Amino acid sequence: SVSLKHVIEDTDRHGNVRVYYRKPGQPKVRLAERPGTDAFLAEYRRAVSGEIAPKRTHKPPANPESLTWLCERYYESAEFKGLNARTQRVRKLILGHVLKADGTKPYKLLEARHIRRARDMKSAFPESANGMIKALRAVFGWATQPGVELAERNPAKDVPYLESKGDGHHSWTDAEVAQFERRHPIGTKARLALGLLLYTSQRRSDIVLFGPSHVEDGWLHFTQQKNKDRKPISLQIPIRAELQAIIDASPVGKDTFLVNEFGRPFTANGFGNWF
């Protein structure tokens with residue numbers, strides 16, 4: 001793979017991974033062609049030469065009484081900046097949906113009954129509804145703190161979460177794992193990805209970071225990405241012989257075992273889309 005300078009990945013509000021050319025100090029230029037193709041390389045060269053102009057958007061400032069304005073102040077707070085990058089991205093995504101519908105409304109007039117009604121409209125998707133409540137609790141929890149005092153109360157605090165339904169994501173059966181292994185033999189990146197997931201039982205946000213620096217005497221040493229800044233959990237996991245055989249037979253990156261089309265570590269979302 002070829003590493004192209006100033007090429008980055010970003011995730012839009014729908015969770016889709018986008019590729020951009022971004023020179024320091026300049027706006028991003030969207031690269032729409034599929035990475036790794038000749039068309040992508042040609043598009044990259046046009047972006048470098050300035051033939052593709054970045055899209056500039058001019059957004060008027062939010063009304064200081066609006067919910068959008070309050071959320072923008074929250075994004076600037078130490079509380080929000082103290083969250084890990086993925087949590088920040090997810091929270092902004094959730095609040096973005098709220099603001100799209102009600103962002104212009106006065107935040108001081110928001111009451112629990114309004115949030116409850118919005119929650120009930122999402123009752124078919126309880127996790128989505130609960131995510132909205134949690135995000136609003138965080139915004140107003142910050143806004144009511146001494147020294148901030150932009151709001152007098154937290155209306156989301158009195159809205160209970162919905163009970164989750166169903167059994168969650170489907171877990172692969174042994175037959176489905178075997179089917180995948182037949183299709184992707186040892187030595188392929190897909191098999192390496194499966195091996196890391198299967199033999200460590202860790203989240204995608206962790207396995208995309210695993211690399212030689214995490215290995216010591218046949219064990220993986222790492223701190224889980226989830227809640228690493230608030231309640232870090234450090235683990236040591238033995239590398240099973242089956243996984244070691246897969247790693248030894250696979251093309252791996254210098255810093256991480258898994259790398260994307262640019263020879264760089266995957267983002268968690270980028271890995272999810274690829275896999």
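Here is a chat about the aromatic rings in this predicted model.

Me: How many aromatic pairs are there in the whole structure?
Reply: A search of the whole structure, which is a predicted model, turns up 16 aromatic pairs.

Me: OK, take Phe40 and Phe262. What kind of pair do they form?
Reply: A tilted one: the centres of Phe40 and Phe262 are 5.7 Å apart, with 45 degrees between the planes.

Me: And where do those two lie?
Reply: Phe40 is in helix 1 (residues 38–49), while Phe262 is in the loop between helix 10 (241–249) and helix 11 (268–274), so the pair ties together parts that are 222 residues apart in sequence.

Me: Are Phe40 and Phe262 buried or exposed?
Reply: Both Phe40 and Phe262 are buried.

Me: Next up, Trp172 and Phe275. Which kind of pair is that?
Reply: Trp172 and Phe275 are stacked, at 6.4 Å centre to centre and 25 degrees between the planes. This pair links distant parts of the chain, 103 residues apart: Trp172 sits in the loop between helix 6 (126–143) and helix 7 (174–183), and Phe275 in the segment after helix 11.

Me: Which rings are in the cluster with Trp172?
Reply: Ring pairs link Trp172 with Phe180, Phe266, Phe271, Trp274 and Phe275.

Me: Changing topic: what sits over the ring of Tyr20?
Reply: The charged end of Lys28, 4.4 Å from the ring centre. Over the face of Tyr75 lies Lys92, at 4.9 Å from the ring centre.

How values were computed. Residues numbered from 1 in each chain as written. Predicted model: local features only at pLDDT ≥ 70, side-chain atom pairs only at ≥ 80, totals over all residues. Heavy atoms only, no water. Phe/Tyr/Trp six-rings, centres within 6.5 Å; stacked < 30°, edge-to-face > 60°. Helix = DSSP H or I, 4+ residues; strand = E, 2+ residues; numbered from the N terminus. Buried < 20%, exposed > 50% of the residue type's maximum accessible area, 1.4 Å probe, protein only. Lys NZ or Arg CZ within 6 Å of the ring centre and 35° of its normal.
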